[in-house]
Amino acid sequence: MAKSIKTNYIFQVISNVTGFLFPMITFPYVSRVLGAESLGELGFYGSIVGYVQLFSSLGIATYAMREVAKIRENTKELSNITTEILSLHIILSLIGYIAIIVLGFFLPQITDKTLFFISSLSIFFNAIGVSWFYNGVEEFKFITIRALIVRCLSLIALFVFVHDTNDLLIYAILNILATVGNNMFNFIRLWKYVELKSVVLHKLNLFRHIKPLLHVFMLTLSVNIYFNLDQTMLGFLSNTEAVGYYAACIRLNHMIMWTTLSVTAVLAPRLCNLVENNRDEFYRISKKGINAILFIALPVSSLVFILAKPIINLFCGDEYEPSICTLQILTPILIFGCVSNFLSNILYSMNKVNQTIIATTSGALMNMIFNFWLIPQYAQYGAAISSLIAELIVFSIMALFTIKVVCIPIFEKENYKIIVLTVILVIFACIGVNIIPDNNFISLILGAGFGIAAAILYAYISKLELLLDIIFYIKNKLVFK
């Protein structure tokens, strides 16, 4: 039985908002205690591990989510395909650890081998995590509750065990447990859905998934190249301090972006299911999803640009002043990246993977070229500019491909209202942030408060459809009839 999209979205927003709030609590502490250089070293190792994890997962998360979403009502087939994909992922991860060992002992830039190998634990947790399964069956309630428990425990452990730069290794362990450690719960609970008695081992065919996975892998590879390439190239072409400044901005940017990507996370499995069964509903939800992303991403990115100085000073410290301009350069990615992500899900659900590969590969290639040109001269600023150019290219190509299959609602009355809302938010946020500019906390609160309050008031007066939908839904949930 299909779950309510609105209910799924609320759980996903709770998960992502808490995923945003917890780093807001921990990052100011960690950035001051460990410093930019230590965080830069950890970020550099993490980017290398990310590439190995990318090859060892072979695009399984995207491919498996779609396959599970298609056949989630068929318990026997669901059990078979889940067992096959999980087994294949474990085998690929074991091969990945061979690469980790080779890199750890022979790459001269890896000076702290213990820290590097600890960082590589994410490969193991990712393999057994089967997050793709829970997304495919739309179990967002379980995902949210599980994430809250793990985040609370890791938060307590952070303040208990991490006190200075000597605790970098402990922080790395806690960071792994906080981000992917909850995948242990995923694995344990999986057998509630998978009926092992219906799985005939000698009939399993793990390698039938290789060919479609390689197709998806090309997409995943190109996406991850320009997400991870910047920190890796900064480590090689500049220094770990520059990586630390950039890593702070990327972390803040991703934390904010995930709130908007809640829309994509919830709608992706539904789109995969509807494209097979109800094309009219598929087109309706696609258009609604783009409206929702613009409604969140445009105001949020504008607000982050205006509040970049108090955000960096408050959450990272005075040591990270070079990160202020870097964060401002990266803020448009909140718009282009979120829309591109949703467009890629539309294309992927319609089996148009090649178009998405072309878009993301073009972006990754341009990112690499501009990184070689800009990083040696401008360090973290150059990396940020390269990422922005890459994301703009991906967005442009993705939009051109998508409008051929789905009518993108850009020139609509609702979107014009969102643009006006954003302008109003910017004006009032600028007023608020400059009332007491010397106090970062008050400046942040007033800037965000003035901007958001004015934006909500305009949205209500102008009867913005998305806001009215939210109010109507909350009213129905809270008012007992």
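Visitor: Why does phenylalanine 117 count as partly exposed?

Guide: Buried means under 20% relative accessible area, exposed over 50%, and partly exposed in between (1.4 Å probe, protein chains only). Phenylalanine 117 has 24% relative accessibility and therefore counts as partly exposed. This is a predicted model, in which local features need pLDDT of at least 70, side-chain atom pairs count only at pLDDT 80 or more, and totals for chains, interfaces and linings use all residues. Residues are numbered from 1 along each chain as its sequence is written, and side-chain values use heavy atoms, with hydrogens and water left out.

Visitor: Why does serine 344 count as buried?

Guide: Serine 344 counts as buried because its relative accessibility is 16%. Serine 344 is found in helix H16 (residues 333-349); helices are DSSP runs of H or I with at least four residues, numbered from the N terminus. Not counting residues up to four places away in sequence, serine 344 touches Thr356 and Met398, where contact means heavy atoms within 4.5 Å.

Visitor: What makes the pair of phenylalanine 105 and phenylalanine 117 tilted?

Guide: Rings of Phe, Tyr and Trp (its six-membered ring) pair if their centres lie within 6.5 Å; planes under 30 degrees apart count as stacked, over 60 as edge-to-face and the rest as tilted. By this rule the count comes to ten aromatic pairs. The rings of phenylalanine 105 and phenylalanine 117 have centres 5.7 Å apart and planes at 45°, so the pair is tilted. Phenylalanine 105 lies in helix H3 and phenylalanine 117 in helix H4, so the pair ties together parts twelve residues apart in sequence.

Visitor: Why is the pair of tyrosine 245 and tyrosine 320 called edge-to-face?

Guide: The ring planes of tyrosine 245 and tyrosine 320 stand at 85°, with the centres 6.0 Å apart, so the pair is edge-to-face. Both tyrosine 245 and tyrosine 320 are buried.

Visitor: How do you know how H2 runs relative to H3?

Guide: Helix H2 (residues 60-70) and helix H3 (residues 75-106) pack at an angle of about 175°, with their axes 11 Å apart. Axes are lines fitted to C-alpha atoms, for helices over the stretch in contact, and angles run from 0 to 180 degrees between N-to-C directions. Angles under 35 degrees count as roughly parallel, over 145 as roughly antiparallel, 65 to 115 as roughly perpendicular and the rest as oblique; H2 is therefore roughly antiparallel to H3. Among the residues in this contact, Ile60 and Tyr63 belong to H2, and Leu78 and Ile81 to H3.

Definitions and conventions. Helix = DSSP H or I, 4+ residues; strand = E, 2+ residues; numbered from the N terminus.
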